Structure formats: structure tokens, C-alpha cells
Amino acid sequence: MGRVGLGVAVGCAAVTCAIAAALVARRASARARWRRAVALLREFEEGCATPPARLRQVVDAMVVEMHAGLASDGGSKLKMLLTFVDALPSGSEEGIYYSIDLGGTNFRVLRVQVGAGSVIVNQKVEQQPIPEELTKGTTEGLFNFVALALKNFLEGEDDQDGKMALGFTFSFPVRQISVSSGSLIRWTKGFSIGDTVGRDVAQCLNEALANCGLNVRVTALVNDTVGTLALGHYYDEDTVAAVIIGSGTNACYLERTDAIIKCQGLLTNSGGMVVNMEWGNFWSSHLPRTPYDILLDDETHNRNDQGFEKMISGMYLGEIARLVFHRMAQESDVFGDAADSLSNPFILSTPFLAAIREDDSPDLSEVRRILQEHLKIPDAPLKTRRLVVKVCDIVTRRAARLAAAGIVGILKKLGRDGSGAASSGRGRGQPRRTVVAIEGGLYQGYPVFREYLDEALVEILGEEVARNVTLRVTEDGSGVGAALLAAVHSSNRQQQGGPI
């Protein structure tokens, strides 16, 4: 071989070695970045861990906060608001009742006909959007619009003899004054009608109804959670609590009047009252908070509030997962160049998170579609798609198990968790049948969430006690439940309300 040939051979060998070295270095770098993504996943999983011992600590913390909230206003993160609902539907109600459900940019009007024996004979529902200008206008403008809608709804009805009872579901923060009145604390959900704050919203609606010539009055002012409890109790008198787990979350339950220390001397016909916990604001050091929860809290308008809700409700679960993915994109290359698209808050909604977690296809084709179409992440390999599924599973599992701990907290406060004597005087070893009415898209529409919640209930309570606890899906408490409460609390039904 000549000198020229030798030089070429040496040069080729050098280039080959350089290319090989570069490939090795690239692969090593890729492996390091993948290991970083896996390490972030493990850190997140450890931070979200909810072993039974920790869940029981959350249960105990919930009970402590419930006692504190019942002792004094402002004494707890749980508001423990009095609803003045001291009688619930028993199934003996008969007649035709109406309800208005106002809780967002749409509102509904319902006519509910009930018969004895927990039978809903007939119901009619109409939904209307609220014009945007009315959400920022005047009190009279909004309530006149609602009253006119009810008037149009009632046209042709033949049951307008005498004063009609109306249930009013008003899903905004209200300081309840009686079962049929309460003043608005503040608007939420995009409403900003300044002159309504501090006014009795039931009276505002009553005045608008009178201006429309309607012989109708609000006999029950409730929120959706209380309506769900009412509907659950209508079908089953062992129903003692209600939980909403949807885009938001809340709970209410039946409390003995003598346990409400902040209102000593409060008398009710039944010796009990429904308490609206506003449990979304619950907080405890035992809750498994991660750096991603802190980031989420920082980007919300209600920073340092609704901590429990931000861990378990549909409004936030997708965003928690998005924050994890964004950090992975920044510190590894598992998502290619998608860091920019993953930087957009709330780009991943909880329905997409649920679809990702429930994709059981061999190649996770639905996960691939969601990544491509909604997160702008093309060509994610299968191992990356599996990592995405795992993150969504961790978020879901933690949320469901914490929700279960909250439910057990209510049961423990009522003496129905098997840990001691129940309020009826029954001792341990004689668990009482207990029903919790539950509503909300996250629980109803996400089977994996539901399975994790049910599993955690058994872990916390034990199989024997858990067999006596039923979570019953109760649909449309905000509509039908409010109409039933109007039936119970109307003047001609007051003596027939079901006992608490």
C-alpha cells in the first residue's frame, strides 16, 4: 500500500472512530436524559404516596377540623356552614314542585311531580344560557331575566292555584340566614354584579317573581351538595352525607344540633341540621403535597385556598400532570422539542387525562393521538407513552384515595366508621348501614377513579365495616333535590318533613 493509500485508510479510520464515539456519546446522553425522566417519575410517585397509615392520618385531621369549624366561625379551614335544612325528603312527598338551578353561565328551570313511595312521576326541564351582559349588569336585570324564564315555563301549566313552592339552587358563596334566605358573599365563575354582594339572593328572586305577577316564592335556598343529599335521602333514609366530585368538590352531612357549638341554643324540629362543609378548603400537613402542587397553587387566582380541591377535583388533575410533563421536557428529551407547548397552563384537561389512563390498547394508540393533537407532541415512542400513562395514574390514584379519606372522615365524625360507638348508641362490632350520595363527572364518568376510591375505603375501614357503607350515585341533586326540599319546607309540608 502506498503512502497515499495508507493516509486515506488512516483518515477513514479516524473518521469512523469519531463517528462511533459521537454515537456512543449521544446514546449515553440519551440514556442519561431518559434516566432523569424516570427519576422525576419516581420522585413524583413517592411524593404522592397514600399508604393506609397516611390516609388514616388525613381522616383524623379531617375530624379535628370538622370539630373546630363547628365550634367557631373562622376556627378551621372547613367553614362548616349552617344550611338551616332540618328536614329532608322521606319519600312520602306528593305534589308538583319547582326549582331553579343557577350556578354558571346557564341556568335551568324544573317542574317535578312526586308521588308517595319515593316515586318521581314526571319531570320537565328547560335550560337557558344567561346573556354575558347580565353577568356584569345589575341585580334586577339578572333576577328579572330568571323570573321571566320561569313565567314562560309556567305558561300552560294547570297547577297554579295558590302559592307555589320553589327550590332555588344558587351555587355561589352565600351566608345562609334561614332555609329560605341567604346573602351573597361574593360572585365567582365570571359573574361580577357588584350591587348583589351582601343582599339576600332569595329575596331578590322573590321580588322579581312578584314583579312578573307570579304567585311563587323561594321556600328552600340550597347549593348543589345539599340538593344531592336531599335526593339521596328521598330514595334511602340511611343516606347521611353527600359528596360532589366533579370539576369542583364539596361535601355536606347530617349533624346533631347539639354538636354545633358555635350556635348553642339552636333549636330545630328534628334535632339535627345539614352542615355544608365546604371541604374543598380542607388542609393538613398529612396531605401528600409535591412541588407540582405548589406550582399549581401559585398559578391560580385563589392561592393558598382550596388546597384539598386542588388535589382531588377535575378542574386541576390534568394541570398537575401537565406540570410534571413540562419539567420532564425541560430536564430530558422524552418529549422532543415539545417543551414550549407543554408550558401552556391547563392545556391538558382532566377528560384527556382520564382517556390516557384508560387506554388499554397494546400500542397505546389513544395516548399517541392525544399527545399529537392536543399537546403537539408527535412521534412519542411507546416507552414515553407508557411513562405518560403512569403519571396520569399517579395523579388519579392520589386524588381518589384522598377523596376516600375525606368520606371516612365524615363517617368517623358520625361514629359510623367502626372505630367506636355510633351516635345511636350502638357499639363497635355492630356497624350501621350507611349511604353516601355522590354526584359529579369525575366519579361517575371515570371508572379508574371510582375503583381507586372504593379500594381505599375498604383499606381504611376494613372489609367488615366497608360492607355496610354504600356510595350511591345520585343524579341531578341541584335540580330535583332542590324541588324536593321545596316540598319539605313549604308551609303545607313543614309538618311532614322526614326526620334527620
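**A hairpin, salt bridges and a charged patch**

Strands β6 (residues 174-178) and β7 (residues 181-184) run antiparallel and are joined by four bridges; strands count as paired if DSSP finds at least two bridges between them. This is a predicted model, in which local features need pLDDT of at least 70 and side-chain atom pairs count only at pLDDT 80 or more, while totals for chains, interfaces and linings use all residues. Residues are numbered from 1 along each chain as its sequence is written, and side-chain values use heavy atoms, with hydrogens and water left out. Helices (H or I, at least four residues) and strands (E, at least two) are DSSP runs numbered from the N terminus. Two residues lie between β6 and β7, which form a hairpin. Within this pairing, Q176 stands opposite G182 in β7.

The structure holds 28 salt bridges, a salt bridge being a side-chain nitrogen of Lys or Arg within 4 Å of a carboxyl oxygen of Asp or Glu. One of them joins R199 to E140, with the closest N and O atoms 3.4 Å apart. R199 belongs to the loop between β7 and α4 (201-211) and E140 to helix α3 (residues 139-154), so this pair ties together parts that are 59 residues apart in sequence. R199 is partly exposed, at 27% relative accessibility, and E140 is partly exposed at 40%. Here buried means under 20% relative accessible area, exposed over 50%, and partly exposed in between (1.4 Å probe, protein chains only).

Another salt bridge links D293 and R398, whose closest N and O atoms are 2.8 Å apart. D293 is in helix α6 (residues 291-299) and R398 in helix α11 (residues 382-413), so that distant parts of the chain, 105 residues apart, are linked. D293 is buried, with a relative accessible area of 5%, and R398 is buried at 2%.

The salt bridge between E366 and R369 (2.7 Å, N to O) lies within helix α10, where the two residues are three apart, or about one helical turn. E366 is partly exposed at 25%, as is R369 at 28%. Elsewhere, R36, E43, R327 and E331 are linked in a network of salt bridges.

On the surface, E358, D360, E451 and D454 gather in a patch of negative charge. Such patches are made of residues with over 30% relative accessible area and no salt bridge, like charges being joined within 9 Å and nonpolar side chains (Val, Leu, Ile, Met, Phe, Trp, Tyr) within 5 Å. D360 lies in the loop between α9 (350-357) and α10 (365-373), and counts as exposed at 73% relative accessibility.

Technical notes: Areas by Shrake-Rupley, 256 points an atom, 1.4 Å probe, with all protein chains shown as cover. Lys, Arg positive; Asp, Glu negative; His and termini not counted. Charge placed at Lys NZ, Arg CZ, Asp CG, Glu CD.
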